[in-house]
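Colleague: I have a new model open. Please show me how to read it.

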Amino acid sequence: MRILGLDVGDRTIGVAISDPLGFTAQGITTIRRKSLQYDLDELKKICDEYSVEVILLGLPKNMNGTIGPQGEKVLEFCEKLKEFLGLPIEMWDERLTTVAATRAMLEADMSRAKRKKIVDKMAATYILQGYLDRISK
């Protein structure tokens with residue numbers, strides 16, 4: 001079963017996919033957001049290409065666990081995505097995933113320009129891998 005992991009931001013969507021057995025997550029792309037329809041169409045292409053059965057969306061929460069304005073935007077996007085694709089969607093607390101992805105890239109001595117290009121894809125990978133680790137236990 002393939003699971004698609006998404007890190008949805010205002011300007012980009014980081015995309016990761018699980019291996020067919022659901023053990024590992026791999027970042028595959030970052031979608032530059034243009035319009036809702038464009039975003040949905042791009043995600044549909046990916047879902048079709050990888051035969052995705054479940055979508056996992058990172059839900060940004062405040063450190064106290066509440067959902068702020070960015071979380072509300074992600075929930076709204078989730079509803080539109082579910083309606084468009086008809087696939088089951090799960091939410092995953094993504095607090096600190098972008099921080100962890102950035103830290104890993106800094107430790108790898110990656111340039112700021114390279115980090116900026118792939119941070120969302122890496123954050124999606126962290127989100128999906130955390131979920132895969134939890135369901136495998």
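Colleague: In what order do the five strands form the open sheet?

Modeller: First, this is a predicted model, where local features need pLDDT of at least 70, side-chain atom pairs count only at pLDDT 80 or more, and totals for chains, interfaces and linings use all residues. Residues are numbered from 1 along each chain as its sequence is written, and side-chain values use heavy atoms, leaving out hydrogens and water. Strands (E, at least two residues) and helices (H or I, at least four) are DSSP runs, numbered from the N terminus. Two strands pair if DSSP finds at least two bridges between them. Here the order is β3-β2-β1-β4-β5, with mixed pairing.

Colleague: Why is one side of β3 and of β5 left without a neighbour in the sheet?

Modeller: β3 (25–32) and β5 (89–93) stand at the edges and have a single partner strand each, so one side of each lacks a neighbour.

Colleague: In what sense do β1 and β2 pair?

Modeller: Antiparallel, over five bridges between residues 2–8 and 12–18. Find D7: G14 in β2 stands opposite.
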